[in-house]
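Dear colleague,

I am passing on to you the structure we talked about, and below it you will find my notes on what was found. Please read them with the structure open beside you.

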Amino acid sequence: MSSHPPTAPAGEVPSSTSPAGPARSEEPLPQATTPVPPGLTWRQRLSRIDVRFSPYLYISPFFLLFLVIGMFPLIYTGYVSVHEWSLIGGKGEFVGLDNYRAVFEDRYFWRALRNTVSIFLLSSVPQVILALIIAGLLDTQLRARTFWRMSILVPFVVAPAAVTLIFGNLFGDRYGLINSAIGVIGIDPVAWHVDTLASHIAIASMVNWRWTGYNALILLAAMQAVPRDLYESAALDGAGKVRQFRSITIPMIRPTVIFVIITSTIGGLQIFTEARLFDNVGLGGSDRQWQTVTLYLWELGWRLRNLGMASAVAWLLFLFIVMFALVNLLLSRRIGGGGKS
Amino acid sequence: MNRRPGFLVYGLLTAFVLGSAAPLYWSLIVGSHDKSVVTQRVPPFIPGGEFFSNAQRVFDTVEFWKALGNSLLVSTVCATSVVFFCTLAGYAFAKLRFRGSNALMVFVVATLAIPTQLGVIPLFIQMAKLGWTGTVWAIIVPTLVTAFGVFFMRQYLVDAIPDELIEAARVDGCTMFGIFRNVAIPAARPAAAILWLFTFMTVWTDFFWPMIVMPSTNPTVQIALQQLQSGYYVDYALVLCAAVLSTIPLLILFVLTGRQLVAGIMQGAVKG
């Protein structure tokens, strides 16, 4: 009740503090021009200003910062992308879509695109499947469940840069532990830093290692919301554990699975650190075997000092991510055999 | 309950946990031997005694103390600022009624989908103009308040504060900020702790943006790691010792607060 002023002054927009008045009319008038009814004290007037403007004040830091470091750069990237723009010399001539054309004509762009999609698929598909299995294992009457949940989260604590250095050593071409291990069972050493597919597998395994446990916890949370009596009646009908998992659990948690897939898409298409630090040169291989789009953007902008072309890549990457997210959304609606909800 | 797990479940989970720990353990093994360890035919399976001399070399080779200080500084400042501003905005979106709040909230969520790389070039140009490149400001300022944080706090506070409590405080003549301080902040504490942790870890582990704006003379921990690796010859005893060193602060944080972190991830999933 106190949110309503006792008497609504004539000529004022009726109580902007009242619940849910979506876009009724223009901004509330500042207090100076508002006719003030004689009954209100200075204190009451202050208090009404307080009630009316505080919400805007509270949300303003986010919007101010977003304007400066989010919105402005977004638009400005487009502006840079249609100019000649050097890292050192700054803005040059307006060149229209030349930067975009140059990107499309650069075979390294297409290679980076291929690498990104390949690494993304190698990291997201096994990751989601493994995370589902781990979550299913955790969604039981485990002893020491906090211990298990914390344990699977340990890789998440290791920064991508450190992960990459560790895996770069494990996947060493000459002395790597993995080549030694597969040598024991008679497989020839793999040239992880030369062969395209092998390098993609190595990089994808870093992403998988760091994120599987994290995603398993998200899926676990959804699984715990599945009503237990569904499992009991399925068990009465003779459905085994695996069958229950496939026919009850996965359809029931579909929204969360889609959420995990979408976030791993957005993350997977931006892979940078792993590709940059996989060898000590940092450009994605001698023939750009594992250069991702983001790494390509960085090489253009900060190695070749062509910020104009790099901006064009940034915009293309954005479109690419939006496109992928949409395709993903459509595809993942089919998960769980077209169940409802 | 017919869902009591058997040996198979425990066995599979144990295998997964060992797999999760193995790369870290391996880096401890390599980082605690001298550099010939990587070329041995049969690698050692227990840590050696060279960890501290390797660590000493790390500190001699790059500005690792400065890097640790910088990372600690930017992560703490960003986490604290994000918690304050996001609680403020999240509370406004969750509990205060104002014109346009729904549309503005949708806008916040939409910004979550924008990748950092898209704006990175103008942001760099801006930072260079302001003369902030090479200083911690370039890292701190863009992360003072995040869309994720606003969203996260809003989701939590919607249910955490009863509307009656706010009404009652208002009747008692509390100012808006007084209500925020005395009602919202105490109620927000559990979520604020989680958000602080998340932001701290995100800033600590970030590599892309610091690599663009920070020079080798004023690195963060992740940049120092890169410097150790970027020579012509990679000394893995040195590099992996540094990888372990760079992870220790977060491991300590994880041991102390892992429970909350797990709860936070699972909570965010249910509500998000």
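How far apart do the end C-alpha atoms of residues 191-212 of chain B lie, and what percentage of the span is helix? Those end C-alpha atoms are 32 Å apart, and the span is 91% helix and 0% strand, where helices (H or I, at least four residues) and strands (E, at least two) are DSSP runs, numbered from the N terminus.

Before going further, please keep in mind that this is a predicted model, in which local features need pLDDT of at least 70 and side-chain atom pairs count only at pLDDT 80 or more, while totals for chains, interfaces and linings use all residues. Residues are numbered from 1 along each chain as its sequence is written, and chains are lettered from A and ligands numbered from 1 in the order in which they are written.

Let me stay with chain B. Chain B has 12 helices and 0 strands, and its C-alpha atoms fill a box of roughly 75 × 65 × 30 Å, taken along the principal axes. Of its 272 residues, 46% count as buried; a residue is buried if 20 or more other C-beta atoms lie within 10 Å of its own, exposed if 12 or fewer, and partly exposed in between, with C-beta atoms placed from the backbone. Two residues are in contact if their C-beta atoms, also placed from the backbone, lie within 7 Å, and among the contacts in chain B with a separation of 6 or more, residues 24 or more positions apart account for 75%.

Helix 9 (residues 176-205) of chain B deserves a careful look. A straight helix of 30 residues would span 44 Å at 1.5 Å a residue, whereas helix 9 spans only 37 Å between its end C-alpha atoms; the expected span is 1.5 Å times one less than the number of residues. In this helix there is a kink of about 60° at B:Arg189, shortly before the proline B:Pro190, the bend at a residue being the angle between axes fitted to the seven residues ending there and the seven starting there.

The UniProt record, as an unreviewed entry, lists "transmembrane region" for several stretches of chain B, including residues 131-152 and 191-212; UniProt positions are given in the numbering used here, feature names are shortened, and annotations may be inferred rather than shown by experiment. In the model, residues 131-152 of chain B are 45% helix and 0% strand, with end C-alpha atoms 33 Å apart.

Turning to chain A, you will find 14 helices and 2 strands, and of its 341 residues 38% count as buried. Its mean pLDDT is 84, and 87% of its residues reach 70 or more, pLDDT being the predictor's confidence in each residue, from 0 to 100. Over residues 1-34 of chain A, however, the pLDDT is below 50, although this stretch has 43 contacts in the model beyond near neighbours in sequence. The pLDDT also stays under 50 over residues 336-341 of chain A.

For chain A, UniProt (unreviewed entry) places "domain: ABC transmembrane type-1" at residues 113-328, a span that is 73% helix and 0% strand and whose end C-alpha atoms lie 17 Å apart. The "transmembrane region" annotation, also from an unreviewed entry, covers several stretches of chain A, among them residues 117-138, which in the model are 100% helix.

A:Phe109 is in helix 3 (residues 107-138) and counts as buried because it has 22 C-beta neighbours inside 10 Å; although 187 residues separate A:Phe109 from A:Tyr296 in sequence, their C-alpha atoms are 7.1 Å apart in space. A:Arg288 has a phi near 55°, a positive value in a residue other than glycine, and is buried, with 20 other C-beta atoms within 10 Å. A:Arg305 has a phi near 60°, again positive in a residue other than glycine, and lies in the loop between helix 13 and helix 14 (307-332), but is partly exposed, with 14 other C-beta atoms within 10 Å.

Finally, the contact between the chains takes 85 residues from chain A and 85 residues from chain B. On the side of chain A that touches chain B, helix 1 (residues 42-81) gives the most, with 19 residues.

With kind regards
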